[in-house]
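Points are grouped by topic.

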Amino acid sequence: AFRNAKNLVSINLYTNKVKKLDSNLFKDCKSISNVSFNNNFITELEEDMFDESLFPKIKSLKLNHNLIGKMSHMAFKSLENLASLDLSYNFINNIPDNIFDRLTSLDSLNLMGNCIKSLGQSLFANLSNLSSLNLSENLIDELKPKQFVGLSTLTELLLNNNCLRALSGGCFEGLHQIKEINLEYNFISVLEGPNLFECCKALESIDLQNNKLVRVDPNVFAG
């Protein structure tokens with residue numbers, strides 16, 4: 001379909017009825033940097049769907065508002081130059097632990113509005129350039145200790161509208177540059193210290209409105 005389109009840098013297939021991505025569609029489009037498949041009917045992200053030989057320069061990939069429920073752990077393995085990935089408003093409930101390992105240039109990751117209940121311990125470990133992580137509007141009920149270790153450049157963490165009831169000690173460890181944490185509309189009843197946010201030296205804003213708070217440890221913000 002796009003044969004010989006060697007100068008094509010952006011493709012937008014927003015709001016169509018695409019069910020499956022055929023990588024051969026873009027085999028001659030080596031200059032593409034922005035790809036938008038949002039608001040379609042894609043259900044699965046298969047291995048090597050975004051092969052490096054097909055998308056060597058891709059920077060932005062939008063797959064939001066599809067029907068994605070299954071993702072191969074190798075789906076993004078070749079996208080080392082990707083800066084922005086939007087997977088919001090799909091039906092993702094299980095994220096393979098190493099699916100993001102090769103995305104070392106990623107700056108923004110949006111997983112908002114899915115069915116995610118738990119996060120793997122090392123899911124974000126290799127995203128050393130990430131500045132924004134959106135996990136809002138999911139079913140997350142627990143943050144493990146060192147859940148975000150590796151995200152040393154993260155400045156924005158959105159966890160609003162989930163099912164969190166407590167925050168375990170050390171769950172924000174490693175977030176040395178974090179400026180904003182949004183925890184509104186969860187079910188958190190107690191903030192226990194000491195030093196829950198100790199490592200968050202750059203923290204400027206934390207939103208805890210519309211939770212179930214009855215007690216806040218006086219040392220929770222110590223450090």
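Is K20 buried or exposed? In this predicted model, K20 is exposed, with a relative accessible area of 55%. Two salt bridges are present in the structure, while the number of disulfides is zero.

**Salt bridge of E46 and K20**

- E46 pairs with K20 in a salt bridge whose closest N and O atoms lie 2.8 Å apart.
- E46 is partly exposed because its relative accessibility is 31%.

**Salt bridge of E192 and R215**

- A salt bridge joins the side chains of E192 and R215, at 3.0 Å from N to O.
- The two residues are 23 residues apart and connect distant parts of the chain: E192 is in the loop between strand 11 (190-191) and strand 12 (205-207), whereas R215 is in strand 13 (residues 215-216).
- E192 has a relative accessibility of 46% and therefore counts as partly exposed.
- R215 is also partly exposed, at 40% relative accessibility.

**Cysteines**

- C115 takes part in no disulfide, because a disulfide requires sulfur atoms within 2.5 Å and the nearest cysteine sulfur, that of C163, is 11 Å away.
- C163 is likewise in no disulfide, its nearest cysteine sulfur being that of C115, 11 Å away.
- C115 is partly exposed, with a relative accessible area of 29%, and C163 is partly exposed at 25% relative accessibility.

Methods. Residues numbered from 1 in each chain as written. Predicted model: local features only at pLDDT ≥ 70, side-chain atom pairs only at ≥ 80, totals over all residues. Heavy atoms only, no water. Salt bridge = Lys/Arg side-chain N within 4 Å of Asp/Glu carboxyl O. Buried < 20%, exposed > 50% of the residue type's maximum accessible area, 1.4 Å probe, protein only. Helix = DSSP H or I, 4+ residues; strand = E, 2+ residues; numbered from the N terminus.
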